[in-house]
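I keep these notebook entries to record what I looked up in one structure. Each entry takes a single topic.

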Amino acid sequence: MRDQTWDFSLSSVFALICVVILLFSFLFLPWGGTRLTDNGARLVSDAFSGAPGAREVPLLWLVPLMGSVAVIFAMWGALTPERSRLATFISIGAGIGSLVYFITALGAPQDPKFPLGLGFWAAFGASLGMIAQFLMAMPPVAAAWEGFAAGTGKVFRVPPGLVPYLFIAPALILYFVWIIAPTFYTIYLSMTNWDGITDPKFIGLDNYIRLFTKDRTFTDSLWNNLRWLVIFITVPTTLGLGMALIFNQEMRGGKIFKVSFYSPLVLSLPVIGLIWSWVYNPSLGLINSFLTGIGVTDPPGWLGDRQLAIWCVIAAAVWRQVGYVMVLYLAGLKNIDPQLVDAARVDGANRWNLFKHVIFPLLAPVTTIIAVISMIDSLRAFDLVAIMTRGGQNTQVLANFMYIEAFNNYRMGYGGAIAVVLFAISLVFIGFYLRQTLKDELEY
Amino acid sequence: MSRNSFWKIFSVALVAILLFTACSPVIQTVTVEKEVKVVETKEVKVVETVEVKVVETQQVEVMKAADTVLYNSYNGDPKPRAFDESVVSMWNEAHPEQPVEHSIIAHEDFKQAIRAYLTADPAPDVLTWFAGNRARFFIDKGLVMDISDMWAANKFNETYAPGFQELASIDGKQYFVPTSYYWWAIYYRPSLFKQAGIEKAPETFDELLTACDKLNAVGVTPFALGDRFKWPTAAWFDYLNMRTNGPQFHIDLTDLKVPYTDPKVKKVFENWKLLIDHKCFMEDHAAYDWQEAIDPMVQGKAAMYLMGAFITDSYPDEAESDLDFFRFPIIDPALPVGEDAPTDGYFMAATARNSEGGKAFLAFLGSKEVQQKAFNELNRLPTRKDVDISAASAAVQKGIALIQSADYVAQFYDRDTTAAMAEAGMEGFMRFWSNPDDIDAILADLEAERLRLVEEGN
């Protein structure tokens, strides 16, 4: 009877909060002094690895050990109320275990050069809280809490409509801090002449005027992005669709082909850039070795040729994209109802008419998605250019140009203006893409 | 709405609170640092009172609390990295009370990160960097610590070669510790020269053109070049400009004081075009990076390479017996001779957290002991006069003589001029390779970039 009035599930939640504070202080707050890098985790790892200048921190390892034990049992206790008594006792034990460290640390002579820091005190408080959690479970406290919650229930009760927003609040905060705020800050910076050091000076639209009227590299980059875009929408889409149609049929070794065409997608773009720079090497590369092998006397210089280089880079990107498009189309083809195809066959449609009037229209949503993804990918193009030519040989694209202006030439404001232009162009396609995907979602 | 959902909401709110607490220690650190600064100014203003003593002890305590030295370097390549790490461990063994915390960042990334380092508060204490315009840029903006006291205390003004003292100083104050440099020269394979019937290394431009013709006649490409990433081409511009117009004009041009449309600049490209017309360069050089272009030289397909002394780090050791170098030929004998000898070294951030420890470590990095070690292990040429170089190979002795006989030592195009001008300039040189007749349009574009930089005040 008495046990039922001891509310251990409440105490487990309290213990969970305490142990999160404990581990957080240990990992991220200064254990001694004021520097964030002198956190508890660093002190323990330094002491164990014998790093130069490592401090003596006897028993500090107890804190993460006990913290990990407590976090497991407190969660277990909070999730399974019927077992929470055991969980409470174990996490109290863990609290006592870490208190052993705190008592030794407080008892030891203090180093005046290295005063105990915020992290230490927070963790100390948290471990006391872990021990005090049984108070939460005591019938009078629990009853008082219960009464408090019931009496002022309206204060705590959140309107049901607000609950989803509360849940996405952390994500929204992060989204705001990392995406929205920097976007607007970049728009502001693009109207300054900031060099990364001195205070930015507001210069209005000067950066944009220069970009569109005077900057040759900008126009060249824009053209290169456009080339990329045109190739990306047409070539991989056609090739990918063709391959998807072929591999969708039952054929011997089809899986091997599918995997081999898909495999470039697994590689990261810088790796692809490296591989293709070797393929394009004019004297030892795969292409020219082959060409000289069949008797071509003066094979082209590929990346060394200002007219060819951009097409070479795009070709490397296409190589990767084809597999991606193929997989998307294969998925689309699997979704086509075989009855429709059979019905068309019964009506006497030949292969071409079957494709033209049945299969391709049914693939239309996939085609739209692929077209939009290709557009966005071609605007994002950066890695391959950075690895293969660093923007030389007339291969400059907007993203790489922005990077060079901002981080090599130290024109943050000007780089920002390029970023804003790129963002504006992308926004059109992204908006189109979102409309398409949302429409699909609503249809299902 | 049961109690369960209340707890759910409560824990979500808690996570949000925890996120915000993550910011609070940062704020605290900043306030503490500010207190220290106030203490320092007080110390200057108040003279000989009891209060000062109290303040002083407090300050000493704070100084001692920062008892490590933060050292960020860009020595990412294997050999320099091993050297860098061994220097740090030498210091840490000798100074266990003030160990160095060392971070190595890849060369290119370091160049991007340097601004963030220097403007951070507190900043890393000691940083690797380049002498010349690249350092002056930050010194002019007040981001680099004045190390004149350390310089004088360690007698650097007696032990460093005068040219390098000049490089370290602005208006009589020292900001930079130049510790090593390397030379640029035309590396060549004597055996291929012999095969082509070239008796001696070319000393004049005409001799160089003749040598190109002779090498072409026996089917050897005169010059290897790998400028996919542009910068090796800048050496050609540096040398052709210094030989055609003299070092002073080169300094003025890289300082953005002379227009790129000056007829003298065009003359440089006329000489350059002579080399192209004599088929001096390997085909498709813009398709190779600088190391890939070493291959044709090793294979005996190319005879020469205008490159820095670090070429030997990448050149196969077994082939090095057939590798020598000579000074870039003279075009106008009336002009003083300039050479490229980029100098590397160290400086401290103006906001360094541990300025005393940083200066002590800087003095160690610039000491005879470390320079001797760098010389012995990496063939880095010392900037101190008291380093023993007698054990050096004939090649190194020759390199030192090459630089010491020069009237002017340049730092290389992308270090002598601003980063933006270097980027535009090198792109212009690359355009020139593929279309030499386009030179007027190219120079007009470079001039536009120069005017823009002058206007921006860089």
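The entries below concern chain B.

**Entry 1: Conventions**

I note that this is a predicted model, in which local features need pLDDT of at least 70 and side-chain atom pairs count only at pLDDT 80 or more, while totals for chains, interfaces and linings use all residues. Residues are numbered from 1 along each chain as its sequence is written, and chains are lettered from A and ligands numbered from 1 in the order in which they are written.

**Entry 2: The whole chain**

I looked up the make-up of chain B and found 22 helices and 14 strands. Helices (H or I, at least four residues) and strands (E, at least two) are DSSP runs, numbered from the N terminus. Chain B has 458 residues, and 43% of them count as buried. A residue is buried if 20 or more other C-beta atoms lie within 10 Å of its own, exposed if 12 or fewer, and partly exposed in between, with C-beta atoms placed from the backbone.

**Entry 3: Two domains**

I recorded that chain B is divided into domain 1 (66-182 + 343-386) and domain 2 (184-340 + 399-456); such bounds come from an automatic or database domain assignment. Their C-alpha centres lie 30 Å apart. Across the boundary, 10 residues of domain 1 of chain B are in contact with 12 residues of domain 2 of chain B. Contact requires that the C-beta atoms of two residues, placed from the backbone, lie within 7 Å.

**Entry 4: Strand β1**

I asked: is strand β1 (residues 69-73) of chain B largely enclosed or open? Five of its five residues are buried, so β1(B) is largely enclosed by the rest of the structure. B:V69, B:Y71 and B:S73 point one way from the strand, and B:L70 and B:N72 point the other way.

I then looked for its partners; two strands pair if DSSP finds at least two bridges between them. β1(B) runs parallel to strand β2 (residues 100-104) of chain B, joined by five bridges, and B:L70 stands opposite B:E101 there. Strand β3 (residues 126-130) of chain B is also parallel to β1(B), through two bridges, with B:Y71 opposite B:V126.

**Entry 5: Strand β6**

I found that six of the six residues of strand β6 (residues 176-181) of chain B are buried, so β6(B) too is largely enclosed by the rest of the structure. It pairs in the antiparallel sense with strand β12 (residues 343-348) of chain B over five bridges, where B:F176 stands opposite B:F347. Two bridges link β6(B) to strand β13 (residues 381-382) of chain B, again in the antiparallel sense; B:Y181 stands opposite B:L381.

**Entry 6: An open sheet**

I noted four strands of chain B in an open sheet, in the order β8-β9-β7-β10, with mixed pairing. Its edge strands are β8 (221-223) and β10 (324-326) of chain B, each pairing on one side only. β8(B) pairs with strand β9 (residues 302-308) of chain B in the parallel sense over two bridges, and B:F223 stands opposite B:M304.

**Entry 7: Residue B:I311**

Why does B:I311 count as buried? I found that it does so because 21 C-beta neighbours lie inside 10 Å. B:I311 is found in helix α16 (residues 311-314) of chain B. Leaving aside neighbours within four places in sequence, B:I311 is in contact with B:Y187 and B:Y305. I also noted B:W184, 127 residues apart from B:I311 along the chain, with 9.6 Å between their C-alpha atoms.
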